[in-house]
Amino acid sequence: MAYCNRSKRLNSLFLLQWETLCPRWCLITSHKLYSSVYDPNEKTFEKILIANRGEIACRVIKTCKKMGIKTVAIHSDVDANAVHVKMADESVCVGPAPTSKSYLNMDAIMEVIRKTRAQAVHPGYGFLSENKEFAKRLASEGVTFIGPDTHAIQAMGDKIESKLLAKNAKVNTIPGFDGVVKDADEAVTIAREIGYPVMIKASAGGGGKGMRIAWDDEETREGFRFSSQEAASSFGDDRLLIEKFIDNPRHIEIQVLADKHGNALWLNERECSIQRRNQKVVEEAPSTFLDPETRRAMGEQAVALAKAVKYSSAGTVEFLVDSSKNFYFLEMNTRLQVEHPVTECITGLDLVQEMIRVAKGYPLRHKQADIPINGWAVECRVYAEDPYKSFGLPSIGKLSQYQEPLHLPSVRVDSGIQQGSDISIYYDPMISKLITYGSNRAEALIRMEEALDNYVIRGVAHNISLLREVIIHPRFVQGDISTKFLPEVYPDGFKGHKLTDLERRELLATAASLYMAEQLRSQRFLGTPRIPIAKSKRSSWELSVRLGDGIYPVAVSKDGSSFSRISRNASGETSIQFLGTVYKLQILTKVAAELSKYMPEKAAEDTSSILRSPMPGTVVAVSVKPGDMVSEGQEICVIEAMKMQNSMIAAKTGKVKAVHCKAGDTVGEGDLLVELE
């Protein structure tokens with residue numbers, strides 16, 4: 001596969017060398033990553049255990065090293081060679097791959113804390129980061145939890161209690177039911193009283209898991225079932241609440257920072273409206289939508305809520321904002337947020353350092369007037385996902401080639417993987433967080449486009465094509481966005497970049513040139529020409545390139561002797577990543593192209609009578625057996641991938657011929673699940 005850099009449109013750049021483990025940080029040109037000072041004389045902790053994995057574990061370890069703190073990494077058996085394990089001063093295995101037996105295994109983690117004599121624990125995000133029982137167990141053994149106290153975790157971690165507290169703190173809230181929904185029948189009754197559409201979500205949830213939008217009674221019943229199952233799987237708590245769904249809102253959050261001395265700050269906002277399945281994809285700071293008055297009002301309400309629960313640490317108060325700039329409290333995350341780097345870029349603060357200082361008991365070093373908005377930062381979440389399937393279904397595999405675009409200015413990459421790392425079904429499919437900074441939004445977006453074009457990922461499907469199309473879309477560039485951006489812009493699903501005539505000609509020329517370069521290279525051995533059967537002085541060739549449904553004639557001439565390598569599969573199909581999207585082309589000589597029309601085409605599989613898994617995952621439930629009659633759209637089975645449950649439905653009405661899976665089975669992408677007669 002060749003990678004084309006748009007910044008040199010007529011001189012394609014092809015990346016031929018790969019680094020196995022490159023630095024993960026890049027200082028921003030003429031703008032320090034942090035203005036924070038790491039005072040070696042300020043005593044905090046001698047050793048911190050990071051109760052997490054992947055990029056966030058690496059992120060915490062980097063700050064600990066700057067502060068002179070030793071670190072302990074925990075890992076599952078499949079993560080034994082992970083980057084965070086290599087970075088830490090010590091590492092201990094806490095169990096097998098499933099999270100319930102490793103990263104959520106409190107008994108095993110507590111034993112590691114005793115064994116290594118860690119004085120404090122940083123939980124990162126996810127896993128045990130908002131688990132009050134874990135925080136209590138640490139406190140009982142004199143170990144510091146780097147986060148808020150158990151009261152704040154309990155109050156803000158429970159969506160029902162947090163909403164009541166927000167009301168009492170005079171924070172704007174969404175209309176809804178303030179109790180626990182008992183069953184699907186009660187859910188329907190409540191939804192009718194509130195008025196459709198409604199949002200069903202896990203009381204103890206976060207990260208988009210355990211959330212469903214319902215527009216009628218049937219969707220409410222289905223949403224109750226799936227949300228409760230996902231909530232139980234992800235958080236061990238299946239309680240749900242229902243509230244009015246604010247249609248077409250923006251998702252804007254306020255970063256707060258508070259200490260144990262009653263001081264609290266708001267560190268400006270993050271725009272997080274570009275989402276799929278209620279999970280964020282692109283974030284930026286600040287927001288194009290907020291004016292200073294609205295920003296201040298949101299910040300002051302966020303701080304009021306933090307003070308109401310005596311919050312101490314970094315936390316995030318999330319709001320939904322409508323087109324009239326009315327804002328409503330959504331939830332408070334009592335942990336470090338995934339998208340915290342964009343706040344660090346525009347404020348100069350190291351939030352991990354601030355969390356460690358607060359946990360040790362130091363007061364905040366800054367006042368509200370000290371918090372700046374310097375420039376603009378954009379973050380793209382790079383996932384091992386196929387964006388052509390529901391904007392991103394998980395992909396697993398080994399990273400055969402991997403290179404981050406850290407050679408570019410003003411680029412930061414937070415990752416916890418390297419070339420050779422495995423992306424498995426057990427954990428979140430995030431590859432990295434790609435952050436760019438600029439003096440203004442236009443500059444940050446241009447740098448993001450260039451960074452995405454220079455990001456090399458092979459071995460798994462990834463969402464760079466979707467990310468690139470989002471950040472260059474006219475609506476996004478103008479700031480005209482909402483949480484419905486993706487389904488509105490791509491109502492029929494994401495299809496990749498649509499080539500202009502000029503771009504198509506450039507792609508065809510690039511493909512043909514690379515093909516001939518490979519052909520000429522094959523005529524040499526160790527730099528020396530092979531002995532030809534017949535001497536050839538040819539310097540031009542006529543080729544045909546098949547792209548999609550079209551076949552295009554291309555003439556290639558040789559100029560010089562420097563050519564770039566290209567890879568092809570056994571059938572001669574070439575893959576080229578161009579403007580973020582991977583295009584499959586077949587390059588043929590003129591004679592081969594003329595003969596190809598006589599080749600029979602392989603008949604497409606009749607997918608209406610079979611059901612294949614669209615992603616790797618685990619079968620949670622099978623709803624049919626051989627001989628059953630099913631209707632079009634009826635649920636056949638449920639597949640769970642990365643803690644998200646997906647309902648597989650029948651494509652037509654018919655009788656079940658065979659069932660090839662059962663609950664508990666692990667399936668791969670494309671595996672046959674059910675056949676109909």
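User: Leaving aside its neighbours within four places in sequence, with which residues is glycine 147 in contact?

Analyst: This is a predicted model, and in it glycine 147 sits in the loop that runs between strand 6 (144-145) and helix 5. Once the neighbours within four places in sequence are set aside, the residues in contact with glycine 147 are Ser312 and Ser313.

User: Is glycine 147 buried or exposed?

Analyst: A residue counts as buried when its relative accessible area is under 20%. Glycine 147 has a relative accessibility of 8%, and therefore it counts as buried.

User: How far apart in space are glycine 147 and threonine 334, C-alpha to C-alpha?

Analyst: Along the sequence, glycine 147 and threonine 334 are 187 residues apart. In space, taken from C-alpha to C-alpha, the separation of glycine 147 and threonine 334 is 7.3 Å.

User: How are helix 5 and helix 6 oriented where they pack?

Analyst: Helix 5 (residues 150-157) packs on helix 6 (residues 159-168) with the axes 5 Å apart and at an angle of about 95°. Angles of 65 to 115 degrees count as roughly perpendicular, and so the orientation of helix 5 to helix 6 is roughly perpendicular.

User: Which residues make that contact, and how many of them are charged?

Analyst: Helix 5 contributes Gln154, Ala155, Met156 and Gly157, while helix 6 contributes Lys159, Glu161, Ser162 and Leu165. Sorted by class, the contact of helix 5 with helix 6 has three nonpolar and three polar residues, and the number of charged residues is two.

User: Which residues have the most contacts inside the largest nonpolar core?

Analyst: The largest nonpolar core has 39 residues, and the elements giving two or more residues to this core include strand 15 (376-383), strand 20 (411-415), strand 22 (430-438) and helix 12 (441-453). Another core, of 32 residues, lies apart from it and has Ile69 and Leu267 among its members. In the largest core, the residues with the most contacts are Val282, Ile431, Leu434, Tyr455, Ile457 and Phe476.

User: How many of the residues of strand 22 are buried, and which residue of strand 22 does aspartate 414 stand opposite?

Analyst: Strand 22 runs antiparallel to strand 15, to which eight bridges join it, and valine 382 stands opposite serine 432 in strand 22. Strand 20 also runs antiparallel to strand 22, with five bridges joining the two. Strand 22 is mostly covered, with nine of its nine residues buried, and the residue that aspartate 414 stands opposite is lysine 433.

User: Which strands stand at the edges of the open sheet of four strands?

Analyst: The four strands of this open sheet follow the order 30-37-35-32, with antiparallel pairing. Strand 30 pairs with strand 37 (residues 672-676) over three bridges, strand 35 pairs with strand 37 over three bridges, and two bridges join strand 32 to strand 35 (residues 654-659). Each edge strand has a single partner strand, so one side of each is left without a neighbour in the sheet, and the edges are strand 30 (610-612) and strand 32 (629-630).

Key: Residues are numbered from 1 along each chain as its sequence is written. This is a predicted model: local features need pLDDT of at least 70, side-chain atom pairs count only at pLDDT 80 or more; totals for chains, interfaces and linings use all residues. Side-chain values use heavy atoms; hydrogens and water are left out. Axes are lines fitted to C-alpha atoms, for helices over the stretch in contact, and angles run from 0 to 180 degrees between N-to-C directions. Angles under 35 degrees count as roughly parallel, over 145 as roughly antiparallel, 65 to 115 as roughly perpendicular and the rest as oblique. Contact means heavy atoms within 4.5 Å. Ala, Val, Leu, Ile, Met, Phe, Trp, Tyr, Cys and Pro count as nonpolar, Asp, Glu, Lys and Arg as charged, and the others, Gly among them, as polar. Buried means under 20% relative accessible area, exposed over 50%, partly exposed in between (1.4 Å probe, protein chains only). Two strands pair if DSSP finds at least two bridges between them. A nonpolar core is a set of buried Ala, Val, Leu, Ile, Met, Phe, Trp, Tyr and Cys residues joined through side-chain atoms within 4.5 Å.
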